[in-house]
Amino acid sequence: MKPISLTRYLIEEQRAGRINADLRLLIEVVARACKSISHSIGKGALGGVLGDAGTGNIQGEAQKKLDVLSNEILLEANEWGGHLAGCASEEMDDPVKIPNVYPKGNFLLLYDPLDGSSNIDVNISVGTIFSVLHCPDGVTDPEVEHYLQKGSTQVAAGYTVYGPSTLLVLTVGNGTHEFTLDREMGSFLMTERDMKIPEDTKEFAINMSNQRHWEPPMKKYIQELLDGKTGPRGKDFNMRWVASMVADVHRILTRGGIFIYPKDLKDPSKPGKLRLMYEANPMSLIVEQAGGASTTGLQRILDVQPTALHQRVPVFLGSKNEVEVATRYHLEAQ
Ligand code: AHM
Ligand code: MG
């Protein structure tokens with residue numbers, strides 16, 4: 001049977017009353033922008049888009065040309081559609097207001113335009129992550145405080161992977177579904193409905209080079225996995241680390257695993273590397289909708305009350321039973 005298109009999926013969700021026309025349009029526009037990003041990335045060195053932009057973002061990270069380009073593509077695609085009240089990005093210090101020449105809608109869009117950007121220049125998968133929130137009632141010019149909503153209030157979340165094929169994984173709160181870009185047709189087609197993360201796993205993803213900086217519960221947890229058959233699980237574990245969260249999370253959605261980016265003591269001022277609002281929250285909704293779990297090591301990520309737009313959090317997500325053990329060790333050490 002021919003797979004259904006993203007457009008048809010969204011229309012069916014609208015008919016079922018799970019999304020409204022504005023949210024459908026918003027997701028279509030984000031998907032269209034991601035196609036354009038995919039196209040630019042696909043050109044590689046021939047498109048003159050590789051390398052550093054020579055600028056930095058609010059987090060002091062050097063921006064790649066493709067970070068800047070992807071951010072612009074998403075901004076331009078979304079600002080005139082009439083479905084957004086505002087948007088915020090990893091690459092911009094402050095949220096962007098919708099220019100007064102365009103109508104405003106009721107949604108807030110947050111995104112990491114190009115996640116895993118250290119991988120761009122070496123031709124390894126990267127992606128876009130996005131989160132959609134309601135703009136609070138009566139607010140027409142949203143400020144930072146209006147974006148600081150718990151992840152559990154997200155109305156949609158998704159990511160793309162620009163890899164051997166371009167994928168879009170999406171949830172509107174009714175399961176997690178995968179769409180693959182048909183490059184000839186130019187449309188996303190559903191290639192997996194209701195993705196499910198196995199509860200148990202034999203695979204973990206973590207940057208092991210930080211091991212000496214970890215806190216004791218983190219060291220204890222990973223040591224158990226490394227002990228393999230002679231450890232408490234009685235089985236050997238495999239390790240994978242792409243260093244693109246989109247690719248690591250996609251592997252976990254496909255065949256299970258636990259992904260961890262913990263707090264470490266290398267830079268005690270940082271409570272983790274990944275950003276809550278446009279990395280951890282959307283990925284957590286996607287993972288929970290696929291039957292997995294996601295915590296900071298101490299609490300469910302979707303329950304964290306954000307205090308800043310670019311706030312960082314530790315992230316433990318994936319196969320439920322392993323996330324539970326790692327979280328228990330951290331809670332016991334409190
Ligand atoms: P980015 O948004 O600046 O690309 O950073 C986030 C990325 C994640 O995709 C990935 O999981 C992590 O950083 C890799 O970090 P490290 O290089 O420390 O292994
Ligand atoms: Mg990122």
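Hi everyone, and thanks for coming. Please keep in mind that the model is predicted. Let's begin with strand β7, which covers residues 156-162.

Is β7 buried or exposed? Seven of its seven residues are buried, so the strand is largely enclosed by the rest of the structure. If you look at the side chains, Ala156, Gly158, Thr160 and Tyr162 point one way, while Ala157, Tyr159 and Val161 point the other way. The residues of both groups are buried.

Now for the partners of β7. Strands of a sheet pair through backbone hydrogen bonds, either parallel or antiparallel. Strand β6, residues 126-134, pairs with β7 in the antiparallel sense, over seven bridges. To find your place there, look for Ser131, which stands opposite Ala157 in β7. Strand β8, residues 166-171, also pairs with β7 in the antiparallel sense, this time over six bridges. How many residues lie between β7 and β8 in their hairpin? The hairpin has three residues between the two strands.

Next, please find Ile286, which sits in helix α7, residues 276-289. Why does Ile286 count as buried? It has 28 C-beta neighbours inside 10 Å, and the cut-off for being buried is 20 or more. Which residues does Ile286 touch, if we leave aside its neighbours within four places in sequence? Its contacts are Ala157, Tyr159, Val169, Thr171 and Thr176. One more pair to look at is Ile286 and Arg18: they are 268 residues apart along the chain, and their C-alpha atoms are separated by 16 Å.

UniProt, in an unreviewed entry, lists residues 197-329 as "domain: Fructose-1-6-bisphosphatase class 1 C-terminal". Over that stretch the chain is 35% helix and 15% strand, and the end C-alpha atoms are 22 Å apart.

There is also an open sheet of five strands, in the order β12-β11-β13-β17-β15, with mixed pairing. Its edges are β12 (238-239) and β15 (293-295), and each has a single partner strand, so one side of each is left without a neighbour in the sheet. For β12, two bridges join it to β11, residues 203-205, and these two strands run parallel. A handy place to look is Phe204, which stands opposite Met239 in β12.

That's my tour, and I'm happy to go back to any part of it.

Note on methods:
Residues are numbered from 1 along each chain as its sequence is written. Chains are lettered from A and ligands numbered from 1 in the order in which they are written. This is a predicted model: local features need pLDDT of at least 70, side-chain atom pairs count only at pLDDT 80 or more; totals for chains, interfaces and linings use all residues. Two strands pair if DSSP finds at least two bridges between them. Helices (H or I, at least four residues) and strands (E, at least two) are DSSP runs, numbered from the N terminus. UniProt positions are given in the numbering used here, feature names are shortened, and annotations may be inferred rather than shown by experiment. A residue is buried if 20 or more other C-beta atoms lie within 10 Å of its own, exposed if 12 or fewer, and partly exposed in between; C-beta atoms are placed from the backbone. Two residues are in contact if their C-beta atoms, placed from the backbone, lie within 7 Å.
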